[in-house]
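Please keep the sequence and the model in view while reading.

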Amino acid sequence: MKHPLRLLQALTLFLAGTFGLFVFAGNLMDYDSNFQFVRHVLSMDTTFEGNALMWRAIESPVIHHIAYIGIIIAEGVFATLGLIGGVKLFRLRDASVAAYDKARVWGYAAYGLGFLIWFVGFIIVGSEWFAMWQSSIWNGKDTAMGISTLWAGFAVLLAMNEPAPAAESSK
């Protein structure tokens, strides 16, 4: 294999995009199930009784739908970036470093957006601002943390370069 790291980078980006596609499609095909998650988190109706943070709750169904549609759109964009980026990296696996580096931007965009969705959206906003962590029913903090960690790790993997061949490094 000529460029095993590049193949791994292309594969992980493509699989991240595939994950995003499945999440996106699932949210479209079963809108109501995941909408209920967003509705309950924003309403804070399953957090601890007497919660002093209830002033943060949003009970507007319109805002619930807007937030959920925003999440779905972001997940669709994430999927698109990952799938296109994975294909581009695979196709450029034997290209020059400059050409390959230019294609990596798709992965950085995908992982950056994924980090915004799952870390900022679900962990910071959902879990901490809307106290999702207090809910025994509608709590996605652990899942979002695992996904966020994966995107961060994949971004580091994407930034790695294979060592230059011995002939090139001695010049």
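This is a predicted model: local features need pLDDT of at least 70, side-chain atom pairs count only at pLDDT 80 or more; totals for chains, interfaces and linings use all residues.

**Terms and their grounds**

Q: Which residues does Arg6 touch, not counting residues up to four places away in sequence?
A: Arg6 touches Leu92, Arg93, Asp94, Ala95, Ser96, Val97, Tyr100 and Glu162. They count as touching because contact means heavy atoms within 4.5 Å.

Q: Where does Arg6 lie?
A: Arg6 belongs to helix α1, residues 4-29. A helix here is a DSSP run of H or I with at least four residues, a strand is a run of E with at least two, and both are numbered from the N terminus.

Q: Why does Arg6 have no salt bridge?
A: A salt bridge requires a side-chain nitrogen of Lys or Arg within 4 Å of a carboxyl oxygen of Asp or Glu. For Arg6, which is buried, the nearest side chain of opposite charge is Glu162, at 4.5 Å.

Q: What makes Gln9 count as buried?
A: Buried means under 20% relative accessible area, exposed means over 50%, and partly exposed lies in between (1.4 Å probe, protein chains only). Gln9 has 1%, so this residue is buried. Gln9 is found in helix α1. Its contacts beyond four places in sequence include Leu89, Tyr100, Arg104 and Met160.

Q: Why is Thr12 called buried?
A: The relative accessible area of Thr12 is 10%, so this residue too is buried. Thr12 is found in helix α1. Leaving aside neighbours within four places, Thr12 is in contact with Tyr111, Phe154 and Leu157. The C-alpha atoms of Thr12 and Leu157 are separated by 8.9 Å, although the two residues are 145 apart along the chain.

Q: How many salt bridges does the structure hold?
A: The structure holds two. In one of them, the side chains of Arg104 and Asp101 meet at 2.8 Å, N to O. This value is within the limit, so the pair qualifies.

Q: How are Arg104 and Asp101 placed in helix α4?
A: Helix α4 comprises residues 97-129, and the two residues are three apart in this helix, separated by about one helical turn. Arg104 has 3% relative accessibility and counts as buried. Asp101, with 34%, counts as partly exposed.

Q: What makes Lys141 and Glu128 a salt bridge?
A: Their closest N and O atoms are 3.4 Å apart, which is within the limit and therefore meets the definition. The pair links distant parts of the chain: Lys141 is in helix α5 (residues 141-159) and Glu128 in helix α4, 13 residues apart. Lys141, at 25% relative accessible area, is partly exposed. Glu128, at 40%, is partly exposed.

Q: What is stated about the phi of Met44?
A: Phi of Met44 is near 60 degrees, a positive value in a residue other than glycine. Met44 is in the loop between α2 (31-43) and α3 (61-91). Its relative accessibility of 2% makes Met44 buried.

Q: What is the phi of Ala131?
A: Ala131 has a positive phi of about 55 degrees and is not a glycine. Ala131 lies in the loop between α4 and α5. With a relative accessible area of 0%, Ala131 is buried.

Q: How many helices and strands are in the protein?
A: The protein has six helices and zero strands.

Q: How do you know that the protein is more spread out than a compact globule?
A: The radius of gyration is taken over C-alpha atoms, and the globule rule is 2.2 Å times the number of residues to the power 0.38. For 171 residues the rule gives 16 Å, whereas the protein has 20 Å, well over that value, so it is more spread out than a compact globule. The C-alpha atoms fill a box of roughly 70 × 30 × 20 Å along the principal axes.

Q: What percentage of the residues of the protein count as buried?
A: Of the 171 residues, 38% count as buried.

Conventions: Residues are numbered from 1 along each chain as its sequence is written. Side-chain values use heavy atoms; hydrogens and water are left out. Lys and Arg count as positive and Asp and Glu as negative; His and the chain ends are not counted.
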